[in-house]
Amino acid sequence: MSAEAAAIAEAVSAEAAASGLGAEMVRLMRLFAAWTQRAGFECGAADRVLLARLVTCGRCRATDLAADVFLDLSTVSRQVRSLVDRQLVERHPDPEDRRGSLLSATEAGRAAYQSAVRRREAELTRLLEPWPAADRTLLTRLLKRLNDDLVDSTYTSLGTGQHPVGEARQGDLHA
């Protein structure tokens, strides 16, 4: 970064940066939603998030799934019911609590998740190909930092403190 760019960067207040970043995040979410719709993904965003957790982390209870993705249990229960009906997720008896069940992705669920990831990565590769390598690296590093801070902030605001060390966090799921 040049000295001039560094001086400009320091002059931007956190409030101004937050305003610009907020606007660009909203724009990014709208554009991503439009892209996923055009791409014809069989799974919606909520499906992809839940499948990502189940594929990458394995079997879990619905309560743990809800906590991992920062969603209300009732919301997750509705989504899980839909995923089970479409044979993307299956329920197994919980050996520790016979009243409960463990959820896992089926082969079809894993395939749907992998397909979504491959298509997303292909599109992002196409978009980022003309960027200089340093810009691609910087974008990824800063976005990861922002996501990590958002996850930590969410855990703190929920009163659970820092995220569990060594466990996958929502931001790590690549939905």
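Is Phe 70 buried, partly exposed or exposed? Phe 70 is partly exposed, with a relative accessible area of 23%. Buried means under 20% relative accessible area, exposed over 50%, and partly exposed in between, with a 1.4 Å probe and protein chains only.

Some ground rules. This is a predicted model: local features need pLDDT of at least 70, side-chain atom pairs count only at pLDDT 80 or more, and totals for chains, interfaces and linings use all residues. Residues are numbered from 1 along each chain as its sequence is written, and side-chain values use heavy atoms, with hydrogens and water left out.

Back to Phe 70. It sits in the loop between α4 (62-68) and α5 (73-85). Helices (H or I, at least four residues) and strands (E, at least two) are DSSP runs, numbered from the N terminus. Phe 70 is not a glycine, yet its phi is positive, near 60°.

Next, Gln 87. Its phi is also positive, about 60°, and it is not a glycine either. Gln 87 lies in the loop between α5 and β1 (89-94). Gln 87 is exposed, at 58% relative accessible area.

Now the cysteines. Cys 57 is partly exposed, at 33%. Cys 60 is buried, at 5%.

Last, confidence. pLDDT is the predictor's confidence in each residue, from 0 to 100. The chain averages 84, and 82% of the residues score at least 70. Over residues 165-171 the pLDDT is below 50. Where pLDDT is low, the predicted coordinates should not be read in detail.

How values were computed: Contact = heavy atoms within 4.5 Å.
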